[in-house]
Structure formats: C-alpha cells, structure tokens
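Here is a short report on a two-chain model. Keep the structure open while you read.

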Protein chains: 2
Amino acid sequence: MKGNVLLVHGGAPTAVINASLYGAVTEAKKYAEVDHIYAAIGGSGAVIREQFLDMKTVSDDRLELLLSTPASAIGTSRDHLEPEDYEAIARVIRKHDIKYVFFNGGNGSMDACGKVYKACQALGLTDVRVVGIPKTIDNDIAVTDHAPGFGSAARYIAATVSEVSQDVRALPIHVSVVEAMGRNAGWIAAASALARSGDGDGPDLIYLPERPFIEEEFLADVKALVEKKGGVVVVASEGLTGPDGQPIVEPIFQVGRATYYGDVSAHLANLVIKKLGYKARSEKPGICGRASIAFQSSVDRDEAVIAGAEAVKAAMEGQTGVMIGFERLPGAEYKVKPIRIPIEQVMLTERTMPAEFINERGNDVTDAFVEWCRPLIGEPLRPFVTFKNDL
Amino acid sequence: MKGNVLLVHGGAPTAVINASLYGAVTEAKKYAEVDHIYAAIGGSGAVIREQFLDMKTVSDDRLELLLSTPASAIGTSRDHLEPEDYEAIARVIRKHDIKYVFFNGGNGSMDACGKVYKACQALGLTDVRVVGIPKTIDNDIAVTDHAPGFGSAARYIAATVSEVSQDVRALPIHVSVVEAMGRNAGWIAAASALARSGDGDGPDLIYLPERPFIEEEFLADVKALVEKKGGVVVVASEGLTGPDGQPIVEPIFQVGRATYYGDVSAHLANLVIKKLGYKARSEKPGICGRASIAFQSSVDRDEAVIAGAEAVKAAMEGQTGVMIGFERLPGAEYKVKPIRIPIEQVMLTERTMPAEFINERGNDVTDAFVEWCRPLIGEPLRPFVTFKNDL
C-alpha cells in the first residue's frame, strides 16, 4: 500500500531507543511503496506541530551513529494528550498521506498508540496501520519477556555496583547505598545482583518496591553484615514504600499541590549513620545511567534493532494495533523470537517483579531472577583481580 | 643494594591506582637485588599488622588484570597515623629487610611517605629509600602538571554529562544538577566542560568550590537559560560554599561532634523547583564514577603505569624522599616527562584551580582549562547524532 511512514518516540530515553529507530528506518527504506519516512522531532507534540524530518534524507553515516547515540536523537516527550490531540494527530496523518505509524515507547506510549489508531478509524482512515515498538529501562511492559532498554540499564547498574563493591572493599567504607531507577517495578535494582562475581562482593542487600521496606529489618541486616564483612553495599529502588504503602522518605517541601520527597539513598545512608553509628554514604546515578552508551548491552542493542524492523514488517504485512514483543524460547542457550502482541494487552498495564524472583525476606533476588536476567546484559562483566583473599 | 620492596596504597581508590601497581611490580621484577616485592594488603595499617603478599608469587595473567581492575586490588586505607605508628612501620621495614618503600596516594599519603622516611632515619635505617607515587581523582597534588587518577575521573564526568545533556535535550527535562566529587578543588567538576560537542549541549553552568556560590546569580542564570534553550544541565562540586565560606547545604543532623549535610545537587535542584517553579532533578554518581574502568582514560592508565615504574627506577638509582610527577612539555602535541619532586613540596599542600581556568562570573571554566584538560581524558568522546538542528 502506497503511503508514508511516521515514527514517534515517547517517554524517557534509553540507551537503545535510537537503535530501534535505526532498525525501523533501514527496514522502511526497503519498501518501494514508502515515499517519505517522517520522524517527529520532539515526540507526539511534534506530530501536531508537523515537525517532521524525512529520514530518507539522512546519510548512511549519520544513521549508523544511531546505534551508539544516547537518549533520543529525534527527541521524545511526556506530553499528556487530550482526546482533541488524538484527533489532531489523525488529521496530520491524513494531510501527510501517512499510512504506517510507529510509536516507540513504554506503557503510556502504547496507550497513545491505541488511541491514535482509534482516532484514525473515527476519521475514516481505515487503512492506516499503527504499530508499537516497546522501550523502557524499567522493564514494566506486560506480556513481552522483556523490553529493549532494560538490558542496558541492567548492565549499567550491574557494572556500576560491581565497581562500587570493589571500592567499598578496598577502602573500606562501612556502607554505600546505591539508588536504582524504577519507581513501581524493581527490575533495575534487581539487576544489580549480576554484579556478584562469587567472591563475596556486593550488592549485599537489594530492596525492591514490590515488597514493603521494614526499617528495623534493614538496620538489623546492615549491622550483621558490617560486623561480618566490614563494607556493605545496599541497592535500593527509588520507589520504596513502607508497610503502610507510603514512601519511606518524608516529604521535604510542597509546591502547589505537588509534594517533593528526598532521595531514598540519602535517607537510608542517614538512617545507618544515625541509628547504627556507622559511616555511610549514598550514590544516586539517576539519569547518568538511563542512556549510557558505555554500558549498552550488545544483546539489548541487537534486539532493539530487531524490534524496530519487525514493527515495520508487521505494518507492511497489514497488521495494526499490535506491539512487537519478545518470547523467550526454552533451552539452555538464550534465544528469543519477536512476537506481535495486541496493543490493548499492554496499554497502561505495569508489570512488576513476580514472586519467584524475590527472596523470602524481601531483601534480595532469587537465583531464578539472576538466570533470567544474565543473558540480557550482553557480554559478561569485565573480570578483575583482588588480592585480599590471597592472605 | 640488596633488599625487599614494599608497596602501600593510601586514600581513596581511582580507576588507575592498580595500573601504577602494575608498573611498579613489573619494574621491580627486573632487579636481581630485589628478593621480595611485598604489597601491604589494606593500606598503612596493614604494614603495622605485617599483612603482606609477595607480588612475585602472582601469575602474569593476574598482574595483567590490574590494568583493568577498579578500586585498589591490594586494598587501601584512611588510617590516621600517630608518631608511634610511623615508628612501628619503620620497625617492620627493618624486620623484613625492606630497602625500597613506595607509597601510592594523594597529599595525605605523601605526608605519610615523608614521615616514614624520617622514622627510618631515626631508627638508623639510613639506606631505606622512600618514594611517592601520585594518585588522586581530585587532581589536588601540587607541583605535578596533573596526577594519575584525574584523567579517568575527568573522562567519567565528561562522558556522563554529555549523555545527561542528550537526555535533557531529548525529553526535555527543565534542569538536571549533576554533583561532581572534589570537596576543595573543582578539577573534576571543571572537566565536565569536555562534554560540550559544540552544538549547544551542556553542561550549561559549572560551579567550583574555588568561587563563592551566589544563590541569586545561580537562579538568574538558570532562568535565563531555561527561557533560551529549554533544558539546562548544571554541574556542581560537592564542596560548594557561599560568600560566608560556609557550605551552601544546611546541616541536616548531628552525630556526636560530626555534622551531616545534605547533597549539594539535591539542594540546588530543590532551589530551582521552589524559587523558579521549574521541574528539576539531581544526579549524584558519587563513588560510581571514582574507579570506573569503562571510562578509564588510556592516557591516564599509561601515565599511571609510568609513574609506578619511574618510582621504582628512582629508588633503584638511590633517590629517596621524592614523589614522581609529570611535567608537560611545550608544543602543540601533548607530551609529558616524568619528574622527581622533593616530597616536602607536596606534603599536605592542596592545589586548587588557578584563576586563569575559571571564567569571570565564576559559573564556568575558560578555554585555557579545556585545552589543558582535553588530552588527559584519552580518546575523544564517542560521537553521536542529533536531528533537532536539522529542522
């Protein structure tokens, strides 16, 4: 079917969202019926403003750079869209003879994807095909085994916590609390477990938003570990809540109706200083780790390219209202196959860590999680040497 | 002169302290008169406890791993040493027939180096040679052009702020404040300027402890920049003080006689939210960036190996009471030559950023600094592509 392509990025960037863009653009260029491959420069709002760049005009050299470009090379947005915005998007789609629409994003973007599809239907654009490309560092998209972006975020936290653990062991610092992104789902914090080399290095404790954080147990665990091994590395999700379901950090100020909280990592480090009398410090890499190319997982990057290309293939085959996902195939060797998931199954749902991936005490992950996660971070972490155990 | 070697690490680890260890050990192995190459496993305290590992017993494969091992593979310490401790160290040196002593560290370790030398003299060990190997992420060691450890810390902050800038530009976040280590010297915060690719990316503002932080000017600068370009990246040294010389962060609690402060980055982000009403967030990579191998600078690593080897050469040539440093040679191409600096010139002195490296308003560095710093981070940062300017 003759028509143009529209590519839109939504939500926070990842280390491989541009790799999906690369996959989608290179695939779309193969089809003679596609005249223009428009990228919206600045997310869904840019569609309404008709800020398009035809990716066909971009040199191959610049396209290749997408594979190692952090954040989103075409911008992205967190615009909240109203019903009239979806109608406006549908009218822009009609005006520019766009037949193939691709939203790259997380739960929210998949919701937008579904709504754009419906707005096109309402405008009589029954032949427009809308397909989602999954993307999230948080790994909270439903149905798919995992989503592009997570493997690199996992590699970042694993490599970083491995280095922090060597630092803590060398100095020794009593306690370092590293804050991991993921407000409602603990996948990134959990991935720090891959830092463990097997010789007793950290992380020593991992706290996930899926389990209530119990201050007394935390302090008892830290105390026991400091007495046993000296330096302790704690990884805490930014979204920890107490048994009452409220954030464990107290509100620090209010602006209008919004309440601002302190950082979980600083809060826990301060607790350790005040209540246990140990030296403690906090690290909060925050968005430093969200789109880090140095820690890009090769597996994640390759799958991101595939997700972009598969979305284009699906649309060209006549599919619409689907999101590309990955099904993990059984067997010892890691293998996935791309699948097409009805978009209503993922719209605004949020996948948290299943019970079998969290240990009973709620202060660590299970071996099953580590096995599940290990292939996603790509090459094994760099080996290192330590002589402390030689004595 | 027949005798054994003793290697000691002091202070916080870096990405290349183990590279200096590699340089020292491989050099020391060349001398037939050296029987044992002892490494103290755990800093100066380990010398008193006689916790030694003979590095001659370590396989070449493990030694090679030192070049890419984060933190300190033989441990390190921040032990405060009393006069009797130096005497104890001198007695251990006599007991183990040690003639060549190497302290790898910063200002504090160079002070220890000098005191060990004097304690040996006092014990009649007039032939013991004590040589310092410089190491600091903070780059605050005097006389030398720069010290091993800084180039990698500089590369980390430059690469990280480059990625944060792309993230902020893509989303856009209004303001991100990244906290850089370096309590009294702003070298690391300053090095974030190398993140600028020339197309308007951040950092937009850099605040150094060498200049008083003036809140009103900061807020005015942020406001003007947000209005002009949307997203703003601020880099702030952890040690910022106000015009009164006091930390800009308020004390949050007291334990015994120690006062604890909040984080500078969170403080500045909160100021922006409260006083300007913009969305702002803070990132504090902390020790995540102190010894990061992924961001190790090849130039830094090579120089660290040279510093270790040169220290051994100096001692073998009869030198004592010196620290190895680097003198930058004039010319367009970056070249340094190792020099030997009398240790009393560096003991406990702290080198801060000179005036010619800081801009007049005190919210950025000068081109002279960028030129000085660029070769130290090794290979240029990875190129990336952005299409925002194509429209």
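## Two crossing helices in chain B

α8(B) and α9(B) are roughly perpendicular to each other, because their axes cross at roughly 75°, and an angle of 65 to 115 degrees counts as roughly perpendicular. The model is a predicted one. Helix α8 of chain B covers residues 215–229. Helix α9 of chain B covers residues 264–276. Their axes come within 11 Å.

Which residues of α8(B) and α9(B) make the contact? From α8(B) come B:E215, B:L219, B:V222 and B:K223. From α9(B) come B:L271, B:V272, B:K275 and B:L276. By class, this contact has 5 nonpolar and 3 charged residues, and no polar ones.

## The parallel sheet of chain B

Chain B holds an open sheet of 4 strands, in the order β7-β8-β6-β11. The pairing is parallel. Which strands stand at the edges? They are β7 (205–207) and β11 (280–283) of chain B. Each has a single partner strand, so one side of each is left without a neighbour in the sheet. On average, neighbouring strands are turned by 20° against each other, direction ignored.

Take β6 of chain B, residues 175–180. This strand pairs with β11(B) in the parallel sense over 4 bridges. In one of the pairings, B:V178 has B:E283 of β11(B) as its bridge partner. Helix α8 of chain B lies across β6, β7 and β8 (232–237) of chain B. The helix runs at about 155° to β8(B).

Strand β6 of chain A spans residues 175–180. β6(A) and β11(A) pair in the parallel sense over 4 bridges. Here A:V177 has A:S282 of β11(A) as its bridge partner.

## How the two chains are related

Two copies of a chain are related by a rotation about an axis and a shift along it.

## The interface between the chains

How many residues of chain A are in contact with chain B? The count is 62 residues of chain A, against 61 residues of chain B. Five elements of chain A give two or more residues to its side: α3 (60–65), α6 (150–170), β9 (251–255), α9 (264–276) and β11 (280–283). The largest share comes from α6(A), with 8 residues.

By class, the side of chain A that touches chain B has 32 nonpolar, 16 polar and 14 charged residues. Of the interface residues of chain A, 98% are also interface residues in chain B, so the copies meet through the same surface.

## Domains of chain A

Chain A is divided into two domains. Domain 1 takes in 3–137 + 294–345, and domain 2 takes in 150–289 + 354–390. Their centres, taken over C-alpha atoms, are 33 Å apart.

The contact between the two takes 12 residues from domain 1 of chain A and 14 residues from domain 2 of chain A. The domain 1 side of this contact has 6 nonpolar, 5 polar and 1 charged residues.

## Backbone exceptions

Most residues other than glycine have a negative phi, and most peptide bonds are trans. A:P203 sits in the loop between α7 (187–191) and β7 of chain A. In chain B, a cis peptide bond joins B:G202 and B:P203, with omega about 10°. B:P203 is in the loop between α7 (187–191) and β7 of chain B.

A:D97 is not a glycine, yet has a positive phi of about 50°. A:D97 lies in the loop between α4 (83–95) and β4 (98–105) of chain A.

Conventions. Residues numbered from 1 in each chain as written. Chains lettered and ligands numbered in written order. Predicted model: local features only at pLDDT ≥ 70, side-chain atom pairs only at ≥ 80, totals over all residues. Pairing = 2+ DSSP bridges. Axes fitted to C-alpha atoms, helices over the stretch in contact; angles between N-to-C directions. Contact = placed C-beta atoms within 7 Å. Domains from an automatic or database assignment. Nonpolar A, V, L, I, M, F, W, Y, C, P; charged D, E, K, R; others polar. Parallel < 35°, antiparallel > 145°, perpendicular 65-115°, else oblique.
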